[in-house]
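Have a look at the sequence and the model below. Then we'll walk through some of the details together.

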Amino acid sequence: MEKFAFVLHPLSVEDMRRVSPFVRCIPDSLMEQVLRKKKPFKISHITGVKSRYAEAEGWFVGCPLTAKQMLELPEEFVIDRIVETGRIAEELGAKILGLGAFTSVVGDAGITIADRLDIAVTSGNSYTVATALQGTREAARLLGRDLRDAEVAIVGASGSVGSACARILSREVRHINLVARRLAPLEELAQELNGHGVATFSVSSNIRESLQKADVVIAVTSAVDFIIDPSDLKSGAVVCDVARPRNVSRNVSAARQDVLVIEGGVISVPGDVDFRFDFGFPPKTCFACMAETMILALEKRYENFTLGRNLKPEQIDTISGLADKHGFALAGFRNFEHAVTLETIERVKRNTHGI
């Protein structure tokens with residue numbers, strides 16, 4: 001039996017209130033103080049992960065810091081707390097640890113954490129990229145768009161996931177607009193990629209202006225609040241929101257019946273998996289970052305697979321192949337805890353102007 005663990009943490013104080021009604025009356029500031037002092041803990045035992053080739057069990061382990069705290073507290077304090085969480089995984093018998101949400105963003109994106117633990121560590125970002133792009137291609141196809149001719153905007157393109165998306169899409173897309181707050185890293189990335197694929201590149205720090213021209217948007221920033229509002233998007237746009245916390249406001253789906261928003265990387269897990277914890281997905285499905293950890297365990301590849309901020313296309317191709325081997329697959333589309341149905345897609349097509 002192969003063994004893995006995956007780190008969960010509350011994205012916000014509101015997440016804690018959903019999990020535990022006993023804290024609903026506690027002010028945010030006091031709740032953050034409580035979370036800062038709380039020690040990491042085991043959340044649940046995961047069973048039933050089984051492919052044709054192997055079987056695995058695992059654990060969710062909890063790091064009790066919000067996304068905001070992980071960005072604002074001293075880096076060394078946050079890394080220490082994540083390492084403490086990893087020690088629990090070690091004690092439980094896990095041989096590889098997956099870093100969830102902001103635990104994969106802090107500091108050097110997992111390298112120091114891996115150095116300080118005695119088990120393998122992965123951020124899950126390779127499979128996150130692979131499935132986000134797979135989902136984006138399929139969503140565009142269902143809307144009748146050819147991704148090769150689309151104007152694509154990658155919001156957060158200077159980050160590891162965003163730049164990896166740019167590298168892979170440069171093989172197939174006509175034009176990519178790289179968007180982030182700072183232009184210098186975007187210009188460096190554009191210069192690196194120009195001429196190596198079929199895509200041409202532009203760069204921008206103006207999100208609204210960029211999105212209003214984009215047929216396809218991939219949102220992958222580490223912002224703690226929404227950055228994409230209903231008025232920002234072009235009619236008929238496909239938006240893949242890979243970020244956690246989400247980059248796309250909940251109001252977009254309600255206000256824009258001519259835009260298709262999907263979450264990146266909702267994955268069907270092989271076997272009769274029971275997570276024993278409700279993180280908002282249908283049974284037997286999970287985030288792609290979680291799936292990467294399971295895939296590596298099933299494959300017995302107990303190695304530091306995806307770490308740091310330089311994701312390589314070869315890694316993404318490798319994990320995609322292993323996912324296919326073990327029976328992991330994209331599980332349709334979701335948006336804010338709801339399935340995106342064919343009826344939803346048809347509604348977007350009917351309401352779209354200009355196509």
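What follows is a short tour of a helix and its neighbours, some salt bridges and a few loop residues.

First, some ground rules. This is a predicted model, so local features are reported at pLDDT of at least 70 and side-chain atom pairs at pLDDT 80 or more, while totals for chains, interfaces and linings use all residues. Residues are numbered from 1 along each chain as its sequence is written, and side-chain values use heavy atoms, with hydrogens and water left out. Helices (H or I, at least four residues) and strands (E, at least two) are DSSP runs, numbered from the N terminus.

**Helix α11 and its partners**

Let's start with helix α11, which spans residues 288-298. How many of its residues are buried? The count is 11 of 11, so α11 is mostly covered, where buried means under 20% relative accessible area, exposed means over 50% and partly exposed is in between (1.4 Å probe, protein chains only). Among the buried residues are Met-290, Thr-293 and Ala-297. Just after α11, Lys-300 takes a positive phi of about 60°.

Now for the helices it meets. Two packed helices are described by the angle between their axes and the distance between the axes. Here, axes are lines fitted to C-alpha atoms, for helices over the stretch in contact, and the angles run from 0 to 180 degrees between N-to-C directions.

One partner is helix α6 (residues 125-142), whose axis comes within 7 Å of the α11 axis and crosses it at roughly 125°. That makes α6 oblique to α11; angles under 35 degrees count as roughly parallel, over 145 as roughly antiparallel, 65 to 115 as roughly perpendicular, and the rest as oblique. Residues in contact (heavy atoms within 4.5 Å) include Tyr-127 and Thr-131 of α6, along with Cys-289 and Ile-295 of α11. By class, the contact of α6 with α11 divides into 5 nonpolar, 4 polar and 1 charged. For these classes, Ala, Val, Leu, Ile, Met, Phe, Trp, Tyr, Cys and Pro count as nonpolar, Asp, Glu, Lys and Arg as charged, and the others, Gly among them, as polar.

Another partner is helix α12 (residues 313-326), where the axes come within 10 Å and cross at roughly 70°. That makes α11 roughly perpendicular to α12. On the α11 side, Glu-292, Ile-295, Leu-296 and Leu-298 make the contact, and on the α12 side it is Ile-319, Leu-322, Ala-323 and His-326. The contact of α11 with α12 has 6 nonpolar, 1 polar and 1 charged residues.

**Salt bridges**

How many salt bridges turn up in the whole structure? A search finds 23, taking a salt bridge as a side-chain nitrogen of Lys or Arg within 4 Å of a carboxyl oxygen of Asp or Glu. Here are some of them:

| Pair | N to O distance |
|---|---|
| Arg-116 and Glu-76 | 3.0 Å |
| Asp-80 and Arg-116 | 2.6 Å |
| Asp-215 and Arg-145 | 3.6 Å |

Arg-116 shows up in two of those rows, paired with Glu-76 and with Asp-80. Asp-80 lies in helix α4 and Arg-116 in the loop between α5 and β5, so the pair ties together parts that are 36 residues apart in sequence. Arg-116 is partly exposed at 30%, and so are Glu-76 at 46% and Asp-80 at 27%.

What about Asp-215 and Arg-145: buried or exposed? Asp-215 is buried, with a relative accessible area of 8%, and Arg-145 is buried at 17%. There is also a network of salt bridges linking Lys-39, Arg-81 and Glu-84.

**A few loop residues**

Ile-227 sits in the loop between β9 and β10 (238-241) and is partly exposed at 25% relative accessibility. Its C-alpha atom is separated by 5.4 Å from that of Asn-247, 20 residues apart along the chain. Leaving out residues up to four places away in sequence, Ile-227 touches Val-155, Ile-207, Thr-221, Asp-232 and Asn-247.

Finally, Ala-101 has a positive phi of about 50° although it is not a glycine. Ala-101 lies in the loop between β4 (96-98) and α5.
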